[in-house]
Amino acid sequence: MRTYDPITETLPALKGSEIEVILDIPNSKLQSLGVPQEADNWVTTNVMNYAKKVKIRYINVGNEISPVNNGTSQFVPFLFPALTNVQQSITKSGLQDQVKVSTAIETGLLANTYPPSQSAFREDTMGFIKPIIEFLKQNNAPLQANIYPYFGYIGDPEHVQLPYALFTQEQPDPSGYTNLFDAMLDSVYYAIDKTIGENNFEIVVSESGWPSEGGVGASVENAATYYTKLMDHVKSNNGTLHRPGKPIETYLFAMFDENLKIGADTEKHFGVFHPDKTQKYNLSF
């Protein structure tokens with residue numbers, strides 16, 4: 001599971017559970033972690049105190065920070081120093097092989113995403129993303145990417161058909177893809193390949209989901225199809241066209257509906273569970 005802020009109730013509840021965890025550091029905390037001592041304190045409090053009993057797999061330093069996203073661009077100057085200091089703290093603690101430090105991007109950093117093989121990072125984001133990718137490579141850590149075919153579909157319904165977004169299209173499109181998830185994921189892979197000149201870098205899909213109401217294409221039926229097909233696909237050894245032959249580590253967004261979330265109405269309805277903890281869909285885990 002992925003938790004977006006390690007509030008005091010969460011990590012104790014996970015002790016001894018065998019559940020592997022992505023631990024996020026919220027964007028609002030990154031500036032303070034530019035001070036190495038603050039990063040040491042954060043790692044001690046949230047990682048060292050639990051590492052023996054909670055399977056912390058990744059630390060995500062920030063979520064969807066981007067110089068071309070008005071909602072997160074103010075955090076750009078703080079991301080790399082925080083990433084560096086948290087990594088140094090993890091290394092000092094001797095946990096660098098057990099806990100990988102990364103950050104989660106959104107696909108708005110990309111240009112020319114169709115066909116995926118033409119994808120590259122936008123020129124106005126290269127100065128931001130290239131040092132991050134090189135840093136992750138140096139520390140043998142994957143990049144985390146939030147992949148949402150739903151937003152690709154509603155952003156361009158004329159060209160993106162619903163079956164292509166829902167994994168129900170049978171015939172490949174002209175670029176060889178039968179689903180938008182693989183095309184979006186490979187777009188990130190191709191952009192990374194061009195940035196560092198090699199193709200052995202790993203990506204973890206740190207979010208993917210479909211809303212059950214609140215907008216175009218948002219229904220319980222569509223969301224159930226998406227989550228079911230997504231789970232089957234990523235657990236298979238099919239991989240993507242560009243990276244075939246292995247499962248895709250993927251995190252479903254989200255555990256619960258968020259009735260207080262601001263933004264589009266669909267943002268309230270990405271939960272796999274209702275707030276009363278009953279399943280919204282009959283998913284088999």
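Predicted model: local features only at pLDDT ≥ 70, side-chain atom pairs only at ≥ 80, totals over all residues.
**Largest pocket**

Helices (H or I, at least four residues) and strands (E, at least two) are DSSP runs, numbered from the N terminus. I noted a volume of about 1,600 Å³ for this pocket. Among its 46 lining residues, Tyr4, Leu252, Phe253, Ala254 and Met255 are the closest to the centre.

My pocket terms: on a 1 Å grid over the protein atoms alone, a pocket is an open set of points where a 1.4 Å probe fits, with protein on both sides within 12 Å along at least five of seven lines, and lining residues have an atom within 4 Å of a point. Points are joined across faces, edges and corners, and the volume is the space filled by probe spheres set on them.

I sorted the lining by class and got 21 nonpolar, 13 polar and twelve charged residues. Here Ala, Val, Leu, Ile, Met, Phe, Trp, Tyr, Cys and Pro count as nonpolar, Asp, Glu, Lys and Arg as charged, and the others, Gly among them, as polar.

**A cis bond at Ala254**

I checked the peptide bond from Phe253 to Ala254 and found it cis, with omega near 5 degrees. Ala254 sits in the segment after S9.

**Second largest pocket**

This pocket holds about 440 Å³. Thr113, Tyr114, Val160, Leu180 and Met184 are the closest to its centre among 18 lining residues. Helix H7 (residues 180-196) supplies the largest share of the lining, four residues. Tyr114 also turned up in a cis peptide bond with Pro115, where omega is about -10 degrees. I placed Pro115 in the loop between strand S5 (110-111) and strand S6 (120-121).

**H3 against H4**

I then looked at helix H3 (residues 76-92) and helix H4 (residues 126-138), whose axes come within 11 Å and cross at roughly 10 degrees. That makes H3 roughly parallel to H4 (angles under 35 degrees count as such). The axes are lines fitted to C-alpha atoms over the stretch in contact, and angles run from 0 to 180 degrees between N-to-C directions. From H3, Val76, Leu79 and Phe80 are among the residues that meet H4, with contact meaning heavy atoms within 4.5 Å. I counted eight nonpolar, two polar and no charged residues there.

**Bookkeeping**

Residues are numbered from 1 along each chain as its sequence is written. Local features need pLDDT of at least 70, side-chain atom pairs count only at pLDDT 80 or more, totals for chains, interfaces and linings use all residues, and side-chain values use heavy atoms, leaving out hydrogens and water.

How values were computed. Parallel < 35°, antiparallel > 145°, perpendicular 65-115°, else oblique.
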